[in-house]
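Subject: Structure handover

Hello,

Please find the structure below, followed by notes on what was found in it.

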Amino acid sequence: MSVIVTVTLVAGNLGLIFLLMTVPLGLRTVTVSRVIKADRDRLWQALWPFGGDAGWSGEILSAEPLDGEGTVLIKLSWEGRDGRPIERKARFEDVREGSRFSMRVIEDTALDPSFWANYRETAELVPEGDATRVTLTQTDRYRGVAFLVFRFFAMRRELGKLDVWAATGTYRKGGWFEHPLSQIGFAVLSALILWPFFGLNIGGLALAAILTSVVALHELGHMAAFRLTGHRRARMIFIPLLGGIAIGGRPYDSRFEVAFVALMGAGFSAFLVPVLIAASGFANGEGHRLVAMLLATLAGCASLFNIANLVPVWKFDGGQVLRQICPGPAALALASFLLLSALLALGWRAGFSPSFLLIAGAVFAILSLITMGSGVKPRHELKPIKTFDRLAMAGALLAVFAIHGYGMLWASAQLM
């Protein structure tokens, strides 16, 4: 890619990340409304936590009043870090039996109370002929568009599923977005979006497909780590142009778990890179030059992508690992400096120009500033990491770095 194309792609991604995760939006209200062909009282029994059908979706397991002022303890089916259902303390206000209620969350067993400080939701039911208009409203303070958009579609999905439940009496789990076929479609779309950046030819399409495959393999590593640490559910979501994200089935329980899941994205590919190098050498020895080049390109892309994810940026895998294993701010700063220096030195050794590496260092610094502190604070501190686990993760990080570093240098020598 040319310098202009590279700068455009990087600047576009930085701008998109800032818009999705960081830009302050202030207090925003999301409203979704739908007319459902059902009696208002029946829908009230489903939406009101004390209603006879409050468990229609399986989300609410139980609800019990704590006082006479509208404070309620709600047990949810969502799994907490200890494997037990999350419990939420909420207060209901402006309750009009059969037509409207508002709720504020005081605290729950998963997130810090500050997460709920500005949150408020309202449900309103208005008869329209033989149907009922259900309006859901959520107000909160947002940083970044991503969570705002997520809540809009989550509310929209809830009303859609309520409509189906009212008509059939059955709650339908899942949706089209996370369906495997949809995710395959998103992966194909991601490759097509990347295609012009590599050239509108067969070679450019191959590079776009290889990069998309590398992203999928990286996220599969995270998913495998989630499973190994006890997450009964884990899924991957492709986000065109930005890549993909693996999501666990419950909150993190320990610092070791955070580090292990973060490192396994690159760690999974670290097992594949040596295999790809050996396969490329074998294919070349058998006279299959094109196959050898494709395998070398895949090994090089996998190495470059995964070693870039080890950059000590706040939300990158490398930054997450270092924050868990470094015993204090001074150690974290030193480890981050050494890892970034090693990455830039590796890039220089692989043939990248000093100006490109300088720009890359600046981009990483901007990314770290953009994403710093963007995570959600848990209700309780994560379990501390043991000394042996700290050393084991540090050794694994060095091993993964070395494997991908070698793969990157080997691929650059083969493809030049």
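**Helices and sheet**

Helix α3 (residues 145-168) lies across β1 and β7, running at about 15° to β1. Helices (H or I, at least four residues) and strands (E, at least two) are DSSP runs, numbered from the N terminus. Axes are lines fitted to C-alpha atoms, for helices over the stretch in contact (heavy atoms within 4.5 Å), and angles run from 0 to 180 degrees between N-to-C directions.

This is a predicted model, in which local features need pLDDT of at least 70 and side-chain atom pairs count only at pLDDT 80 or more, while totals for chains, interfaces and linings use all residues. Residues are numbered from 1 along each chain as its sequence is written, and side-chain values use heavy atoms, with hydrogens and water left out.

The strands form an open sheet of seven, in the order β1-β7-β6-β5-β4-β3-β2, with antiparallel pairing (two strands pair if DSSP finds at least two bridges between them). At the edges stand β1 (24-36) and β2 (60-65), each with a single partner strand, so one side of each has no neighbour in the sheet. On average, neighbouring strands of this sheet are turned by 25° against each other, direction ignored.

Strands β5 (residues 100-108) and β6 (residues 120-128) pair in the antiparallel sense over four bridges. Phe101 stands opposite Ala123 in β6. Helix α2 (residues 40-47) packs on the sheet and touches β1, β4 (85-96), β5, β6 and β7 (131-143); the direction of α2 makes about 165° with that of β6.

Ser57 is in the loop between α2 and β2. Ser57 has 18% relative accessibility and therefore counts as buried (under 20% relative accessible area, 1.4 Å probe, protein chains only). A polar atom of the Ser57 side chain lies 3.3 Å from the backbone nitrogen of Glu59.

Regards

Notes: Buried means under 20% relative accessible area, exposed over 50%, partly exposed in between (1.4 Å probe, protein chains only). A polar contact is a pair of N or O atoms within 3.5 Å; within protein, one must be able to donate a hydrogen and the other to accept it, and residues adjacent in sequence count only if both atoms are side-chain atoms.
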